[in-house]
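The report below takes up the chain contacts of one assembly, then the build of a single chain, and ends with one residue and its surroundings.

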Amino acid sequence: MKEITVLSGKGGTGKTTITAALASVAQNAVLCDNDVDAADLHLILQPQVMETNQFSSGWKAFVSTEICSNCGACIDNCRFGAISQTDGLIQIITYKCEGCRLCERICPSSAIYSKESINNYWYVSNTRHGKMVHARMGPGEENSGKLVTKVRRRAREIAKEQQASFIINDGPPGIGCSAISAISGTDLVLLVIEPTQSGLHDVKRLVELVRSFNISLYAVLNKYDINVLVAFEIEAYLHSENIPLLASIPFDKAMVESMVNEKTIIEYLPASAITQSIRKVWEIIKQ
Amino acid sequence: MSYNIAIASGKGGTGKTTVSVSLFQTLRKELGGDVVLVDCDVEEPNDALFFANAKLLHNNEIKQRIPIIHTDKCTFCRKCVEYCEFNAVVVMPSVEFAEVNASLCHSCGACLVACQFDAITETEQLIGQVNHYDTGLIEGKLTVGSAMQTMLVKELKKHIPANKLLVLLDAPPGTSCQVVETVSDADYVILVTEPTPFGLHDLKLMVQLLREIGKPFGVVVNKSGLGNEEVYQFLDDDGIDLLGNIPINKLFASNYAKGDLLNNIPLEIASVVNQFTHKIMLNLGL
Amino acid sequence: MSKTVITSSGNTLTSKFDKRFGRAEFFCLLDEATGQTSFIANEFKDANHGAGTKAAEFMVEQQVNKIISGDFGPKAKELLEKFDVQMVILQEELTIQAIVDRISKK
């Protein structure tokens, strides 16, 4: 079983569109949306949810104002600036609370308690291209990296049960905690790069991160004709890094139209040159 | 007190940087040094790419505090283990072993409070940089491999000079904690979206978030002409201000691609930017 | 005197082997000399952070010599190696009884 993760560094380069396209050419794959924070893959694959699970992203502190003596010990100990005192009353600024529970432990009046933040869900679904594991994080929630680990673990279990040959992960943008959780333990990273200075700058940082995990890298240049000179610069960079460039896909409004029609580009334009390029990419990365 | 405007999007690649940088450039003509642009997309900061001649004035190294347990003083009582909500402390009395796992540590300081034997002190680990440029750009840049992006955004905000009239905060993509950290101090949020199903889906998440935390906001639709019209229907139904509509423009996209955005802003984009500049100036009472 | 732990999905000998280490449902403690077994629930299985490290900490504290599981995370592995706990990786679908039998036959 081979696990493939699609990443980009910069957002909006076409990760999800390419992942969905790969999903429709791959046989016997489990799909997994690792972008738990702004998940979009389901918009194309229209999953039928079979299993719903709740995810706790950690604790949040609350004050019982009737017990609180407003001594301020919690303010002095909170390193996250999550506690304030207005008109003498202690208040927790919930979105700043890290959930370390130190305030709860040191409160001399035991006036602070914690509640788990459970506004996050993850799902196992059926799609026309196989099983899919995906999530919906509550806005502003923490611990997206942990939720990524959770959906990936479930995807692996399903892949084992079904003896699937592949897991295809749609990755998150960036290089922080979610990206690290998406890279760790995968077999292959496919970079989707757009020919912009931002795209190049961001992919360099991503490559540095992926290299530290010693995982093999391949690249696709998307919308390559937006700026051919920058596209050349990226090709040269990939060459110098020994990262094989598997396809250069032109900017085409059909990519967006397929999304509007809830189809992958393969389904929307089966005979197009883009479809052929993506089939070629799959033939190489599936090896 | 500065007036803070955050530029956010939910979905990546919708044009946050384009809007932030062109807005900043236009406002700078009016306000000069009284406006700063802060790149809070610390995982992948891009604003500096559009100021090719900007000089780095100075930078601050941002560090995370990591506790160290000194086993000569440690009694292996495991109170610190009990206090650590992140399971970052390992203490094994039978083998007299005590250690903090830095990759799990949130630097909350609970273990230091727990320890009654002065056996825990703190050391520092680099998580990123704050770079100050002569053009009035301040950028946070996460060290590759660090997972502490939200802490870095928090630290970055402490380095914004307090005497500025206007602060523009270019937010990271997504809707998670680091985005909340960026928009939490904003007086107004500009959401940038694109008229596609992905753009709309992620815009709705951002709208939900901003309503939850009670921030006023308006929306700029970028790349209009691509995709469909559903976003306009949504804005209309929900009574959300449409601040501007930037048409898709291949020449502009190509200039953006090479990092050249400021010299050739097409008329239609400039006029949208001028409109918000005007609104912002009015809000500031200027 | 050799103490072995087998990660288990339930608390009886007919339970299936659990291939997860830090997030296993139960730990089956086997005394290889006497063949006696007992089951302990894994209190860290749902931890948001560091389940593997916590489980490894528990194993060292219990003076376990050998652990049979499907996979060990990098942090758990490092800790177990440091304290000479032998890690055995097994990928088969077996019951706990079948694994116990296999060990006692040796």
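A salt bridge is counted here where a side-chain nitrogen of Lys or Arg lies within 4 Å of a carboxyl oxygen of Asp or Glu. In this model, which is predicted rather than determined by experiment, Asp225(A) forms such a bridge with Lys250(B), the closest N and O atoms being 3.9 Å apart. Because the cut-off is 4 Å, this pair at 3.9 Å is counted as a salt bridge.

**Chain A against chain B**

The interface to which that pair belongs brings 57 residues of chain A into contact with 60 residues of chain B, and together the two chains bury about 5,000 Å², of which 60% is on carbon and sulfur atoms. Within the area that chain A buries against chain B, Arg79(A), Pro139(A) and Arg205(A) supply 14%, more than any other three residues. Across this interface there are five salt bridges, and the count of residue pairs in polar contact, with both residues at pLDDT 80 or more, is 29. The side of chain A that touches chain B receives two or more residues from each of helix H1 (15-25), helix H2 (41-45), helix H4 (102-106), helix H6 (177-183), helix H7 (197-211) and helix H9 (253-260) of chain A. The largest share of that side, eight residues, comes from H7(A). Sorted by class, the side of chain A that touches chain B has 25 nonpolar, 16 polar and 16 charged residues.

**Chain B against chain C**

Chain B also meets chain C, in a contact that takes 18 residues from chain B and twelve residues from chain C. The salt bridges between chain B and chain C number two, and in one such bridge the side chains of Arg78(B) and Glu57(C) meet at 3.4 Å, N to O. Four residue pairs across this interface are in polar contact, both residues being at pLDDT 80 or more. On the side of chain B that touches chain C, strand E4 (89-92) and strand E5 (97-100) of chain B each supply at least two residues, and E4(B) gives the largest share, which is four residues. By class, that side of chain B has ten nonpolar, five polar and three charged residues.

The table sets the two interfaces out by area.

| Interface | Buried area | Share on carbon and sulfur atoms |
|---|---|---|
| Chain A and chain B | about 5,000 Å² | 60% |
| Chain B and chain C | about 1,300 Å² | 59% |

**The build of chain B**

Chain B, which takes part in both contacts, is divided into domain 1 (3-54 + 128-283) and domain 2 (63-125), and the centres of these domains, taken over C-alpha atoms, are separated by 40 Å. Its secondary structure comes to nine helices and eleven strands, and its C-alpha trace spans about 70 × 40 × 35 Å along the principal axes. Of the 286 residues of chain B, 62% count as buried. Among the contacts in chain B between residues at least 6 apart in sequence, 75% join residues at least 24 apart.

**Asn120 of chain A**

Is Asn120(A) buried or exposed? Asn120(A), which lies in strand E8 (residues 120-127) of chain A, counts as buried because its relative accessibility is 0%. A polar atom of the Asn120(A) side chain lies 3.0 Å from the backbone nitrogen of Gly138(A). Leaving aside residues up to four places away in sequence, Asn120(A) touches Asn53(A), Gln54(A), Phe55(A), Ser57(A), Arg136(A), Met137(A), Gly138(A) and Glu141(A).

Conventions. Residues are numbered from 1 along each chain as its sequence is written. Chains are lettered from A and ligands numbered from 1 in the order in which they are written. Side-chain values use heavy atoms; hydrogens and water are left out. Contact means heavy atoms within 4.5 Å. Buried area is the accessible area (1.4 Å probe) that two parts lose on being put together, summed over both. A polar contact is a pair of N or O atoms within 3.5 Å; within protein, one must be able to donate a hydrogen and the other to accept it, and residues adjacent in sequence count only if both atoms are side-chain atoms. Ala, Val, Leu, Ile, Met, Phe, Trp, Tyr, Cys and Pro count as nonpolar, Asp, Glu, Lys and Arg as charged, and the others, Gly among them, as polar. Domain bounds come from an automatic or database domain assignment. Buried means under 20% relative accessible area, exposed over 50%, partly exposed in between (1.4 Å probe, protein chains only).
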